[in-house]
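Hi,

Here is the structure I promised to pass on. Have a look at it first, and then read my notes below.

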Amino acid sequence: MRADRGTGRVAVITGASSGIGEATARALHAAGHRVALLARRGDRIHALADELGSGAVAIEADVTDRDSLIAAAERVRQELGPIDILVNNAGVMLLAPFGPERSEEHRRMVETNLIGAMTATEVFLEQFRDGGGDIVNVSSVAGRIAPADFAVYAATKWGMNGWSESLRLELQPDIRVIVIEPGAVATELTEHITHADSKRKAQEATANTHIAPEDIAEVIAFAVSRPQHVALNEILVRPTAQAL
Ligand code: NDP
């Protein structure tokens with residue numbers, strides 16, 4: 001078992017083109033790690049990689065497309081070598097009352113938030129340096145509580161929490177599994193909601209009470225910097241004034 005959890009590690013971040021993923025990429029790069037920035041919007045991740053400079057690589061990838069993750073993993077292997085940290089952050093939150101008219105959105109949330117994280121993990125698992133490292137799964141406060149309109153989104157995050165706990169036991173002690181559960185964070189997440197009333201409510205709630213993506217990124221950077229024998233397995237981070 002390795003004790004070194006210092007700088008100079010290689011981190012793969014899914015959903016690095018905006019919000020929490022972008023902030024996490026910046027924080028890990030600032031902490032001295034090399035970063036692979038994965039997302040579908042190539043313009044965003046290439047601009048970020050250019051800005052970060054040495055040690056940052058942009059790789060277009062869709063977490064719902066296993067072949068694109070396999071191709072991304074091969075590029076990471078060639079350009080950065082073995083990995084130490086995988087941040088499963090890519091996600092969509094398409095809030096709406098549950099019903100058949102949104103079955104495509106249900107599928108998209110499950111395939112992105114839950115199966116996307118699982119696929120990225122099984123694809124990158126063999127690339128961990130000496131079989132050790134950190135898997136950071138970005139879940140949600142909605143992995144603990146499930147308000148109305150959150151049914152499928154909450155199911156993906158409850159699913160992520162259950163999957164993470166089993167994975168923690170299977171992969172210990174060499175790989176730490178760290179679940180981050182943000183509350184309201186000011187990002188683009190609510191912009192994609194198509195149900196007008198759910199979108200309005202979500203945007204009003206976030207406008208009134210939120211933290212910044214950098215607040216979550218700092219927690220992730222802290223968690224992965226702990227000595228190997230210390231695991232912060234589940235971290236709930238809400239704005240102090242948030243109700244639910
Ligand atoms: P953003 O919308 O800013 O970021 C979402 C990221 O996910 C984008 O980089 C997007 O990149 C990426 N993404 C979406 N679909 C795919 C896909 N199929 N393949 C690859 N990447 C994809 O929102 P946040 O930063 O807020 O969200 C990040 C995570 O944090 C999500 O898992 C979300 O559920 C979670 N979270 C957010 C909270 C909040 O209040 N903001 C609260 C709790 C949890 P691109 O479109 O370029 O592919």
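Two residues are in contact here if their C-beta atoms, placed from the backbone, lie within 7 Å. On that basis, among contacts in the chain between residues at least 6 apart in sequence, 71% join residues at least 24 apart.

Before you go further: this is a predicted model, where local features need pLDDT of at least 70, side-chain atom pairs count only at pLDDT 80 or more, and totals for chains, interfaces and linings use all residues. Numbering starts from 1 along each chain as its sequence is written.

Now the fold. You'll find seven helices and seven strands in the chain (DSSP runs numbered from the N terminus: helices are H or I with at least four residues, strands are E with at least two). Reading from the N terminus, the order is β-α-β-α-β-α-β-α-β-α-β-α-α-β. The radius of gyration, taken over C-alpha atoms, is 17 Å, close to the 18 Å that the globule rule (2.2 Å times the number of residues to the power 0.38) gives for 244 residues, so the chain is as compact as a globular protein of that length. The C-alpha trace spans about 50 × 35 × 30 Å along its principal axes.

Then the ligand. It is surrounded by 30 residues, and the closest are Gly15, Gly19, Arg40, Arg41 and Gly91 (a residue counts as near if its C-beta atom, placed from the backbone, lies within 6 Å). The elements giving two or more residues to this shell are α1 (19–30) and α4 (103–124), and α1 gives the most, with three.

Cheers
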